Amino acid sequence: MDDDIDDLLANIEIPSAPKISKLEKPQIPTFKSPNKTIESGTTTTSPGGSIPKTASNPHCILVNPKQRGNPVLKSIVNVPIEFRDDIKPDYVVGRTSCILYLSLKYHTLNPDYICQRLKDLGKQYELRVLLVQIDAPEPHSALKNLTRITLLTDLTLMLAWSAEEAGKIIETYKQFEKRSPEWIMERAESSPHQKLVSALTSIKPVNKTDAVTLLQNFGKLENLIKASEERLSLIIGLGPRKASKLYKTLHEPFLTK
C-alpha cells in the first residue's frame, strides 16, 4: 500500500502561491430553500482550473455536489451553503481556502483516494485543509499515513470524532474567514489573581484547579512560598508528587552560577 501511495505522491506537485484568475460575474441562483441552501446551475471552471467563481452570497460555504447526503451538512446551521459543480475540493470556505473531507474508514478501504483528490486539486488555494473524521476503531496507523501525506503536500490536518464536530469545524473556518489572527491568540491575564494562577500552572504538573486551590488555602503568594513541602502535600488534590515539584521550584535560586 505504501508503494502505491509513494507513486501517487510523486505525481503531486507541492503547491506554491496559487494563480488566482480574474473573477467572473457570479451566476444567478435558480433556487433558494428555507434552510439557507442555495442551488446553482452548472458552471464552467475558470481558465487554468484556478479558483472558481464567487458565490452568489459571499457568506456561503461552497459545497461540491458529491457531498450530498453527508451527515456533516446537517451540522452546518449558522452559515448558508451553496452546491457548486465547478469546484474540485469538497468545501470552499474562503476565496483562497478549501477543505477536503475524508472518512478514516473510507481511507482504510481506499488508500489511493486522497492522493488522487490532491492530484486533481493541483495548486489551487493557499489554505488547504484535510478534515478527517475518526470513525475507525484503530486509527493510529492510518493517521500516521495521512500525516505523512499532509506534510509532503502542504496540507493542514484537522481531526473530528463525529459528523457534528466535522460540520462545526467547516462552519468555523468560514465564520473566521476575515477575522484577524488576534481572535485566536492567547490573551494576556490582567488581574493579579489570574497572573498568579497563570504563573503557578507554568510549573508542571500543577494545573489550574491546583493553582486556584493553593491560593484559596494560603491567601497570598508569601504564605505559599513559606509553606513546607509537607504542608503543601496536604492540600486536597495536590499530593506528594506535585507538592515536591512545587516546593522545589519555589525555592530554586533565580540566578545560576
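Glutamate 171 forms a salt bridge with lysine 168, and their closest N and O atoms sit 3.5 Å apart (a salt bridge needs a side-chain nitrogen of Lys or Arg within 4 Å of a carboxyl oxygen of Asp or Glu). The two are three residues apart in helix α5 (residues 163-175), so about one helical turn separates them. Helices here are DSSP runs of H or I with at least four residues, strands are E runs of at least two, and both are numbered from the N terminus.

Glutamate 171 is buried at 3% relative accessible area, while lysine 168, at 35%, counts as partly exposed. Buried means under 20%, exposed over 50%, and partly exposed in between, with a 1.4 Å probe and protein chains only.

## What the model is

This is a predicted model, where local features need pLDDT of at least 70 and side-chain atom pairs count only at pLDDT 80 or more, though totals for chains, interfaces and linings use all residues. Residues are numbered from 1 along each chain as its sequence is written, and side-chain values use heavy atoms, leaving out hydrogens and water.

## A buried charged trio

Shared partners link Glu82, Arg84 and Asp86 into one salt-bridge network. Arginine 84 meets aspartate 86 at 3.0 Å, N to O, and glutamate 82 at 3.4 Å. Arginine 84 and glutamate 82 are buried, and aspartate 86 is buried too.

## Strands

Strand β7 (residues 127-133) pairs with β8 (residues 156-160) in parallel over five bridges; pairing takes at least two DSSP bridges. Leucine 130 has leucine 157 in β8 as its bridge partner.
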